[in-house]
Amino acid sequence: MATNSSKRVLITGASGLLGRAVLEAFIAAGWHSTGLAFSRADRHPNLVKADLCDPVAMEKLIDDLKPNVIVHCAAERSPDAVDQKPAETFQLNVQSTQHLSQCAKNVGAFLLYISTDYVFDGNAPPYTEDATPHPINKYGESKLAGEEAAVSVYPDAVILRVPVLYGPVEKLSESAVTVLFEKLLEGPTGKPAVMSHYERRYPTHVADIAKALVLLATLKLQGEEIRGVYHWSGKDCLTKYEMVQHMSKIFGLPMDHVVADATKPTSGAARPYDAALSCSRLEKLGAPTPMSFADGISSVLSPFARKA
Ligand SMILES: NC(=O)c1ccc[n+]([C@@H]2O[C@H](COP(=O)([O-])OP(=O)(O)OC[C@H]3O[C@@H](n4cnc5c(N)ncnc54)[C@H](OP(=O)(O)O)[C@@H]3O)[C@@H](O)[C@H]2O)c1
């Protein structure tokens, strides 16, 4: 599709799991799209290298590009990594978000900030868009602080909260969902592969999030009132063990060595039990129904199943 120069989008974190899909979706929808990367910029020659923690460089870049939409995907998103490097996380997830929001405001760009279901404690699902956040780990706190930073400097910024993501991955360990497939590919090792059958998750394909973002951006440019917090999520409620059951069935791989653990995990950062997101605001806008987990994971894992 030919690009439309009045529809210019800038995507941060475009070398990441979600950002790659977001860039692809905006390009497919005819937007003039610029994706940013940082440490992986050399591996993605179509992306522009930029450090979000360098405010002077970011300001110049945004002023030069003058996007009318910015989708802010970049973040440190591993709860355990956040626990290990709180200062760096604060700089990336909060301070750079605040600065990016100011830059967006300066050029009048519509800002979409990607946030997480981990802003909730997971004790009283489902969570509506106006439910009060109460994060239980440092990652959730940093993302909530990022939401607040964005809206405090730029009240027109939109927050999109999403649950655990999967999609086309560079390696299985890139997503908390696809990494589970490694246990099936490994097969029996003599030791049982223990898989959590406790926390309830709503794995969501990145292409579904990308479609919702294109919709929000398009409606905003058409003059619709798009403000505040939105949620978007897959519909299947699954524990990690149940995700593996799907994978086993789809690819005909035995899982006799995989053992369900129904107890509350005690290691690593605390995680919400069930942070189901109510998505009524985006449903009312006509966002396309997310794909089923079985369909989505089948296409994502097929290349890895073939290699095995
Ligand atoms: N993945 C999930 O399950 C999940 C669930 C809920 C919400 N989210 C949210 O969704 C968003 C996207 O997550 P993701 O899974 O796509 O993350 P990801 O795959 O880890 O990608 C992170 C991105 O941030 C970029 N980045 C890191 N430091 C940077 C810096 N200093 N300057 C510029 N860019 C920098 C990385 O670029 P380089 O790699 O090139 O350095 C990469 O493109 C995040 O806001 C996350 O909080 C994710």
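Student: Which residue is partly exposed, with a relative accessible area of 48%?

Tutor: That is K235. Keep in mind that this is a predicted model. K235 has 48%, so K235 falls in between.

Student: What does the side chain of K235 meet in a salt bridge?

Tutor: Start with the general idea. Side chains of opposite charge can pair when their charged atoms come close. Here the side chain of K235 meets that of E283, at 3.2 Å, N to O. The pair links distant parts of the chain, 48 residues apart. E283 sits in helix 9, residues 280-284. K235 sits in the loop between strand 10 (228-231) and helix 8 (240-251).

Student: Is E283 buried or partly exposed?

Tutor: E283 is partly exposed, with a relative accessible area of 42%.

Student: Where do K211 and D208 lie?

Tutor: Both lie in helix 7, residues 206-221. They are 3 residues apart, about one turn of the helix. Now check the cover. K211 is partly exposed at 42% relative accessible area, whereas D208 is buried at 4%.

Student: Why does E76 count as buried?

Tutor: The cut-off for buried is under 20%. E76 has 19% relative accessibility, so E76 counts as buried. The side chain of E76 meets that of K85 in a salt bridge, 3.3 Å from N to O. K85 is partly exposed, at 33%.

Student: How many salt bridges does a search of the whole structure find?

Tutor: The search finds 16. Some residues are linked in a network of salt bridges: R20, R40, R43, E170 and E174.

Student: How many residues surround the ligand?

Tutor: There are 27, and the closest are S15, S39, R40, Y139 and K143. The shell divides into 17 nonpolar, 6 polar and 4 charged residues.

Student: Which element gives the most to the shell around the ligand?

Tutor: Strand 5, with 3 residues. Helix 1 (17-28), strand 5 (110-116) and helix 5 (138-153) each supply at least two.

Student: What lies 2.7 Å from an oxygen atom of the ligand?

Tutor: A polar side-chain atom of S15 does. Look at the backbone too. A polar backbone atom of L17 is 2.9 Å from a ligand oxygen. A backbone N or O atom of L165 also lies 2.9 Å from an oxygen atom of the ligand. As for cover, the protein takes up 90% of the 910 Å² of accessible area that the ligand has on its own.

Conventions: Residues numbered from 1 in each chain as written. Predicted model: local features only at pLDDT ≥ 70, side-chain atom pairs only at ≥ 80, totals over all residues. Heavy atoms only, no water. Near = heavy atom within 4 Å. Polar contact = N/O pair within 3.5 Å; in protein donor to acceptor, adjacent residues only side chain to side chain. Areas by Shrake-Rupley, 256 points an atom, 1.4 Å probe, with all protein chains shown as cover. Helix = DSSP H or I, 4+ residues; strand = E, 2+ residues; numbered from the N terminus. Nonpolar A, V, L, I, M, F, W, Y, C, P; charged D, E, K, R; others polar. Salt bridge = Lys/Arg side-chain N within 4 Å of Asp/Glu carboxyl O. Buried < 20%, exposed > 50% of the residue type's maximum accessible area, 1.4 Å probe, protein only.
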